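Okay, thanks everyone, let me put this one up on the screen. I'll start with the overall contacts and then work down to the rings.

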Amino acid sequence: MAGSQDMFDAIVMADESRKMKVLESLIEMIQKFPYDDPTYDKLHEDLDRIRGKFKQLCSLLNVQPDFKISAEGSGLSF
């Protein structure tokens, strides 16, 4: 029984490690994004990558993001 518990613990740790790697990658992408350069030629490509990484993280965390635009103005609601 101890062997199966060790295997289960290893699987859980690997899963948590993967979640952290995806989160760290998303944070790094956001931090490196050139907010001050409106002429950035890869703007749409980088935004698509950030969006994809965000969706991947939501999937790993079993979270359904809820994006609502209110009548008062644009905004995100989670």
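So, contacts: in this protein, residues 24 or more positions apart account for 45% of the contacts with a separation of 6 or more, where a contact means heavy atoms within 4.5 Å. Quick caveats: this is a predicted model, where local features need pLDDT of at least 70 and side-chain atom pairs count only at pLDDT 80 or more, while totals for chains, interfaces and linings use all residues. Numbering runs from 1 along each chain as its sequence is written, and side-chain values use heavy atoms, with hydrogens and water left out.

On secondary structure, we have two helices and zero strands; those are DSSP runs numbered from the N terminus, H or I of at least four residues for helices, E of at least two for strands.

Now the surface. The accessible area of the protein is about 6700 Å², and 58% of that belongs to carbon and sulfur atoms; that's Shrake-Rupley with a 1.4 Å probe, and for residues only the protein chains shown count as cover. Of the 78 residues, 12% are buried, with buried meaning under 20% relative accessible area, exposed over 50%, and partly exposed in between.

What makes up the largest nonpolar core? Six residues: Val22, Leu26, Phe33, Ile50, Leu57 and Leu60. A core here is a set of buried Ala, Val, Leu, Ile, Met, Phe, Trp, Tyr and Cys residues joined through side-chain atoms within 4.5 Å. The elements giving two or more residues to this core are α1 (2-32) and α2 (43-60), and α2 has the largest share, with three. Take Leu26: leaving out residues up to four places away in sequence, Leu26 touches Ile50, Lys53, Phe54 and Leu57.

Phe33 and Tyr35 pair edge-to-face, 5.3 Å centre to centre with 65° between the planes. Phe33 and Tyr40 have centres 6.5 Å apart and planes at 75°, so that pair is edge-to-face. Together, Phe33, Tyr35 and Tyr40 form one aromatic cluster. As for burial, Phe33 is buried at 12% relative accessible area, Tyr40 is partly exposed at 23%, and Tyr35 is exposed at 57%.

Notes. Buried means under 20% relative accessible area, exposed over 50%, partly exposed in between (1.4 Å probe, protein chains only). Rings of Phe, Tyr and Trp (its six-membered ring) pair if their centres lie within 6.5 Å; planes under 30 degrees apart count as stacked, over 60 as edge-to-face and the rest as tilted.
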